[in-house]
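Please look through the structure shown below with attention to its ligand and to the open spaces in the protein. The paragraphs that follow take these in turn.

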Amino acid sequence: PYAFYEQLRSAGPVHRIRLRTGVQAWLVVDYDAAKEALRHPGIRKNPYSPAGVRARHAAAGDGRVIPANQRLSHHLLYADPPEHSRLRKLVTPAFAPARMAALAPRITAIADELLDGIDRAVDATGRVDLLAEYAFPLPITVICELLGVPVEDRARFRDWSAAVVDTPMATPQRMVSATDAIVDYFDRLVALRHTKAHGDDLISHLLTVTDDDGDRLGHDELISMAFLILVAGHETTVNLIGNTVLTLLTDPPRYRALHNDPDAVAPLVEEMLRYNGPVNVATMRYTAAPITLGGTKIPPGELVLVALASANRDERHFADPAAFHPDRSSNHLAFGHGIHFCLGAGLARLEARIALTRLVGRYPELRLAVDDDDLRWRESILIRGLQDLPVDL
Ligand code: HEM
């Protein structure tokens with residue numbers, strides 16, 4: 001999308017667009033306007049508030065809004081203050097930096113187990129889909145263990161979460177059945193936790209956590225939060241790993257050099273988040289009042305999409321934005337900005353750094369097994385990621 005975004009930025013920071021699905025929205029493409037939009041009090045998130053419902057219907061044009069099970073809607077990305085502050089306060093301690101850092105040995109072990117599996121699974125040609133065998137199972141295993149859901153169910157999570165995230169492909173039927181299945185799954189899991197002793201997992205933590213006023217998460221808030229963490233935790237990190245490996249393999253000496261230079265990994269992952277991060281457009285927002293954004297007047301009740309991938313390539317903010325420079329100190333927007341700033345940013349960085357370090361250690365000679373033109377990207381407005389990543393070991 002980068003050439004398209006460059007064209008849009010040269011024409012202005014905010015544009016009225018119509019998506020392939022017919023939905024009308026305002027697309028924010030430059031860095032300053034994106035930051036402004038992400039913290040604008042007149043731009044809201046809750047799609048089930050009366051203003052949110054009106055905005056969605058108006059944007060859909062024909063009045064058709066893709067339905068989903070509303071019991072999954074009580075989570076951070078659908079909440080505005082003061083609800084958002086309350087929910088975020090209850091869940092934030094579970095993502096404390098020390099708790100995340102303590103996961104490093106387990107993440108390393110999971111990465112190594114997966115690499116052992118690749119060793120065993122490789123065919124005579126030495127070719128393997130690194131996305132399916134490594135970049136996907138790593139974060140989903142981590143997130144399942146963190147939440148305390150059985151890792152054997154990960155194929156189901158992948159289907160459900162693709163049904164929710166691949167917006168242009170999501171048919172109403174697929175969305176309804178996926179969200180119904182998720183509700184059913186988490187209802188049963190939480191019921192089980194009520195009867196069995198609590199462990200150290202996140203769902204047990206969310207069941208018992210209270211804030212200063214003794215307030216707790218309600219049942220639907222709990223399953224919504226688990227759902228959000230499951231989707232956010234595996235649709236994104238997989239592509240950070242995939243996009244990073246892809247970029248490195250277009251420059252094999254740079255990839256090989258990492259083998260002897262572990263300190264180079266962190267800045268490289270950071271620049272990757274800016275250069276080709278996994279989130280293309282932030283989640284849906286709408287105007288709750290008339291506002292002016294980047295000099296453009298937007299009436300109330302309109303959808304606003306913030307193109308993070310475009311903001312991160314804004315030439316007014318980043319010198320030579322189309323170049324991959326791990327040594328630039330970057331204040332990218334890949335994890336969003338403001339109150340909805342990614343809760344899992346620390347975990348995502350840790351996973352990507354470990355994934356890369358272990359991969360280079362095991363396969364310093366890894367090569368891309370297809371031409372650039374044959375790479376298949378996912379059809380999602382939210383996610384920037386590959387469908388597969390064939391490599392030669
Ligand atoms: C929010 C990106 C990994 C949990 C966000 C947002 C972005 C983002 C852009 C803000 C969306 C918006 O404002 O519309 C990413 C990227 C990741 C990643 C690029 C990986 C490279 C994770 C992981 C988790 C996670 C691993 C959890 C384990 C969340 C949650 C929110 C969020 C809970 C909502 C926060 C709120 O609304 O207060 N993420 N994310 N993310 N992310 Fe991530």
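A backbone N or O atom of Ile339 lies 3.5 Å from an oxygen atom of the ligand, where a polar contact is a pair of N or O atoms within 3.5 Å, with the further conditions for pairs within protein that one atom must be able to donate a hydrogen and the other to accept it, and that residues adjacent in sequence count only if both atoms are side-chain atoms. Side chains also take part: a polar side-chain atom of His84 is placed 2.7 Å from an oxygen atom of the ligand, and a polar side-chain atom of Arg285 is likewise 2.7 Å from an oxygen atom of the ligand. The model is predicted, so that local features need pLDDT of at least 70 and side-chain atom pairs count only at pLDDT 80 or more, while totals for chains, interfaces and linings use all residues. Residues are numbered from 1 along each chain as its sequence is written, and side-chain values use heavy atoms, with hydrogens and water left out.

The iron atom of the ligand has Cys342 as its only protein donor, through SG at 2.3 Å; donors are N, O and S atoms within 2.8 Å of the metal (3.2 Å for Na, K and Ca), and water is not among the atoms, so sites may look incomplete. Cys342 sits in the loop between α16 (308–311) and α17 (345–362), helices being DSSP runs of H or I with at least four residues, numbered from the N terminus.

Around the ligand there are 30 residues, the closest being His84, Arg88, Thr283, His340 and Cys342, counted when one of their heavy atoms lies within 4 Å of the molecule. This shell divides into 20 nonpolar, 8 polar and 2 charged residues, with Ala, Val, Leu, Ile, Met, Phe, Trp, Tyr, Cys and Pro taken as nonpolar, Asp, Glu, Lys and Arg as charged, and the others, Gly among them, as polar. At least two residues of the shell come from each of α4 (83–91), α12 (219–235), α13 and α17, and α12 gives the largest share, with 4 residues.

Gly218 counts as partly exposed because its relative accessibility is 30%, between the limits of under 20% for buried and over 50% for exposed (1.4 Å probe, protein chains only). The C-alpha atoms of Gly218 and His74 are separated by 9.3 Å, although these residues are 144 residues apart along the chain.
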